[in-house]
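I am opening a notebook on this structure, and I want to write down what I look up in the order in which I look it up.

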Amino acid sequence: IGDTTGYFLGRRTGEMIFDLLNRIHRANGLTSVYVTHNLAFAARCDRVLRLDGGILTPCALEEGKVYV
């Protein structure tokens, strides 16, 4: 579990941590939940949900913009 992965660690370290988590996720067939404000990280995930008013809704990411 990481809080704002990469925000305080710098871009390169954040990328390394994200890549490591993804490798662990895929190698072990896990379901992983990432909570982030970083749209670049979110765009690399298989599924993206938005929490708005306590409700999770599917959304799509395109060029750093969120579409609900």
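In which helix is Leu20 found? I looked Leu20 up and found it in helix H1, residues 11–27; helices here are DSSP runs of H or I with at least four residues, strands are runs of E with at least two, and both are numbered from the N terminus.

Before going further I noted that this is a predicted model, in which local features need pLDDT of at least 70 and side-chain atom pairs count only at pLDDT 80 or more, while totals for chains, interfaces and linings use all residues. I also noted that residues are numbered from 1 along each chain as its sequence is written, and that side-chain values use heavy atoms, with hydrogens and water left out.

**Entry: a surface patch**

I next checked how open Leu20 is, and at 41% relative accessibility Leu20 counts as partly exposed, since buried means under 20% relative accessible area, exposed over 50%, and partly exposed in between, with a 1.4 Å probe and protein chains only. Leu20, Ile24 and Leu30 make a nonpolar surface patch of about 240 Å². For such a patch, residues need over 30% relative accessible area and no salt bridge, with nonpolar side chains (Val, Leu, Ile, Met, Phe, Trp, Tyr) joined within 5 Å and like charges within 9 Å. The areas come from the Shrake-Rupley method with a 1.4 Å probe, and for residues only the protein chains shown count as cover.

**Entry: aromatic rings**

How many aromatic pairs does the structure hold? I found two aromatic pairs, where rings of Phe, Tyr and Trp (its six-membered ring) pair if their centres lie within 6.5 Å, and planes under 30 degrees apart count as stacked, over 60 as edge-to-face and the rest as tilted. Phe18 lies in helix H1 and Tyr34 in the loop between H1 and helix H2 (39–43), so the pair ties together parts that are 16 residues apart in sequence. I looked up burial for both, and Phe18 is buried at 4% relative accessibility, whereas Tyr34 is partly exposed at 28%.

The other pair I read is that of Phe18 and Phe41, which is stacked, with 4.7 Å centre to centre and 5° between the planes. Because Phe18 lies in helix H1 and Phe41 in helix H2, this pair ties together parts that are 23 residues apart in sequence. Phe41 is buried, with a relative accessible area of 6%.

**Entry: salt bridges**

I counted three salt bridges, taking a salt bridge as a side-chain nitrogen of Lys or Arg within 4 Å of a carboxyl oxygen of Asp or Glu. The side chains of Arg44 and Glu15 meet in one of them, at 2.6 Å from N to O. This pair links distant parts of the chain, with Arg44 in the loop between H2 and S1 and Glu15 in helix H1, 29 residues apart. Arg44 is partly exposed at 33% relative accessibility, and Glu15 is partly exposed at 27%.

Asp19 also meets Arg44 in a salt bridge, at 2.4 Å from N to O. Since Asp19 lies in helix H1 and Arg44 in the loop between H2 and S1, the pair ties together parts that are 25 residues apart in sequence. I noted that Glu15, Asp19 and Arg44 are linked in a network of salt bridges.

Arg26 and Asp46 meet in a salt bridge at 3.4 Å, N to O. Arg26 lies in helix H1 and Asp46 in the loop between H2 and S1, so this pair ties together parts that are 20 residues apart in sequence. Is Asp46 buried or exposed? I found Asp46 exposed, with a relative accessible area of 66%.

**Entry: Cys45**

I found Cys45 in the loop between H2 and S1, where Cys45 counts as partly exposed at 25% relative accessibility. The C-alpha atoms of Cys45 and Tyr34 are separated by 8.8 Å, and the two residues are 11 residues apart along the chain.
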